[in-house]
Amino acid sequence: MATDPLLQPFQLKNLTIKNRLMMTSHEPAYPEDGMPKELYRAYHVERARAGLGLTMTAGSAAVSRDSPPVFNNILAYKDEVVPWMRELTDACHEHGTAVMIQLTHLGRRTRWDKGDWLPAVSPSHHREASHRAYPKQVEDWDIERLIRDYADAAERMHAAGLDGIELQAYGHLMDQFWSPLTNTLEGPYGGSLDNRLRFTFEVLEAIRKRVGPAFIVGLRYTGNEMLEGGLTPQDGMTISQRLKDSGLVDFLNVVRGHIDTDPGLTDVIPVQGMRSAPHLDFAGEIRRQVDFPTFHGAKIQDVATARHAISSGLVDMIGMTRAHMADPHIVQKLTEDREAEIRPCVGANYCLDRIYQGGAAYCIHNPATGRETTMPHTIPPADQRRRVVIIGAGPAGLEAARVAAERGHEVLVLEASSEAGGQIRLTAQSPRRRDMMGIIDWRLSRCEALGVAIRYNVFAEAEEVLAENPDVVIVATGGYPIENMPTQGHQLVVNTWDILSGHVAPGNKVLLFDDAGDHAALQAAEIIAHTGAEVEIMTPDRTFSSEIMAMTLVPYMRELQRPNVTFTPTYRLKSVERADGELLARITSDYMDLDHERRVDQVVVNYGITPMADVYFELKEHASNGGEVDYDDLIAGNPQSVVRHAEGGFQLFRLGDAVESRNTHAAIYDALRLVKDI
């Protein structure tokens, strides 16, 4: 693959980047006390070890105390960040990977009750919809302080030995100065475009005085806000040219859109079912007209798209950030002609959605990402070959099979259906979520390459499993819908799986009661709504779809905000009965005793999943460990050594929804952390 355009070096001023692939600046929320410690370093080093050209750390490292992170960001305003960043940088440099960091002040894109409880600051009093703080309008002394803070933070990164920095200028303070929608100042920092850009150029000048001309400095910015009254494409082109002409920056990192709302953020960083690379051509036009080093990254989830971006000359460096969360070894696999083995990013956006809800970023189907200090990306071989029988070929079962086979074990999978996939196959019935099958397809491909035997149409009974003389049995049979309503009328309702599978056609006037808050309810609602039926989505929770996080909710809402769909939170389905040829649904509430009713022709319910684990309980008495898991050993990464029945001939475990209802990531993580030590 020596001629692969992605593997060609790129000269950026005095820095030679060894290939064209990068991770754009992003914050996976792994810092400890605002510092990039062991886990943060291990995350970036794993990708550097595999050959990544440039890793950009810390989406939104804070330069000031009045820019408190809304999730767990690096605190670049503290001197103690320098040795931590130096350790990370040195470790990546050992593998020839360039390192940069993104510095920013969030402006209004934060909250006043975070950090030190200082007022948010912005060039206007306008509140951002996402974070809801009414900012103080910036004063002259604020501007002087903020310029100094940017320069101080840049100097810290220079002292830490990084190759460069990137300033964030979309949705954050710099862009809030740029946009007429968020800048209500009068001159010299408001009014004309020149005035609105003044703050940025004063920051850049202050930075250059601290770090000198050789240190690389770039901007990540929006060249078109795509909002009425906001920055236009013409503004974006003008800004790009002025940045180049200033001589203060070395590269442009171009996106398009706005991030002040969940839908806006999702359009900038598209999720599953949305168009791939939606801003690539726009970035290419900026590069063509301005003729300056240009970077870009926004849903470049596959190598073919990245290769096109470089080979067509659209950009100089291409970001595959979420793709490298799914598979940190993309570059290594390209150089070794193993492109077909790359674990695909399926766009589920579990990574980003988690950080925006205050958690750490995890990949939906690579549970080692974000756990590099405890979970392996490369599975080590076992000391002894064992026979492993796995029941179920859903995500947990196939991950268990893959990891066991990587360990060198003899692996047999028994699957009741005629196809692998479990609940993911049901999920993928919705066209917008069909990429979820990449989770299954990749594992099937790896299992085939590793010699895993899979028998389909086998509803495994205990005797059949015992006849295989296993050393280890893993039950990954998943679950099925909780069908029985806790009150009267369960025989009159259908569940969401009936709608998703097509076994039951949608009615004309439908009540969909969602007590689980997961994808099944909204997917079923989409199917029903598309027929033109009238559908009411009801939940006892104070918010609907509580398990579907912010960015992933956006495509659902774009499908469901239509006249025939209504949402009703805080009400509970009490019972269903027949009345005059209709279904009479009685409604109550957890907040007070109510007796409302709905007359419909169909009631669809979503009470969640219950384990399907009969075979597990049948096998327990035959297993040496009786199914018991030593949680201390599991968490510590030690082999399971529980013995409850010395005469038992095998160890028995269960994973995923066969234990309890959780999600796809949990099921796969279950499998990896158990089986890596078998």
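Tyr30 and Tyr43 are both buried, a term that stands for under 20% relative accessible area, with exposed meaning over 50% and partly exposed the range in between (1.4 Å probe, protein chains only). The model is predicted, so that local features need pLDDT of at least 70 and side-chain atom pairs count only at pLDDT 80 or more, while totals for chains, interfaces and linings use all residues. Residues are numbered from 1 along each chain as its sequence is written, and side-chain values use heavy atoms, leaving out hydrogens and water.

**Aromatic pairs**

Rings of Phe, Tyr and Trp (its six-membered ring) pair if their centres lie within 6.5 Å; planes under 30 degrees apart are stacked, over 60 edge-to-face, and the rest tilted. The count by this rule is eleven aromatic pairs. Two edge-to-face examples are tabulated.

| Pair | Centre to centre | Angle between planes |
|---|---|---|
| Tyr30 and Tyr43 | 5.1 Å | 80 degrees |
| Tyr616 and Phe617 | 5.0 Å | 80 degrees |

Tyr616 counts as buried because its relative accessibility is 5%, whereas Phe617, at 48%, counts as partly exposed. One aromatic cluster is formed by Tyr150, Phe177, Tyr189 and Phe199.

**Nonpolar cores**

A nonpolar core is a set of buried Ala, Val, Leu, Ile, Met, Phe, Trp, Tyr and Cys residues joined through side-chain atoms within 4.5 Å. The largest one has 156 residues, and those with the most contacts inside it include Leu167 and Phe199. Helix H5 (residues 193–211) supplies the largest share of this core, nine residues; helices (H or I, at least four residues) and strands (E, at least two) are DSSP runs numbered from the N terminus. A second, separate core of 23 residues includes Ala521, Ala524, Ile537 and Tyr556.

**The five-stranded sheet**

Five strands form an open sheet in the order S15-S14-S13-S16-S27, with parallel pairing; two strands pair if DSSP finds at least two bridges between them. At the edges, strand S15 (453–455) and strand S27 (651–654) each pair on one side only. Strand S13 (residues 387–391) and strand S16 (residues 472–475) are joined by four bridges, and Ile390 has Ile474 in S16 as its bridge partner.

**The surroundings of Asp327**

Asp327 lies in the loop between helix H10 (321–326) and helix H11 (330–335). This residue is buried because its relative accessible area is 2%. Its side chain reaches the backbone nitrogen of His329 at 2.8 Å and that of Arg343 at 2.9 Å.

Key. A polar contact is a pair of N or O atoms within 3.5 Å; within protein, one must be able to donate a hydrogen and the other to accept it, and residues adjacent in sequence count only if both atoms are side-chain atoms.
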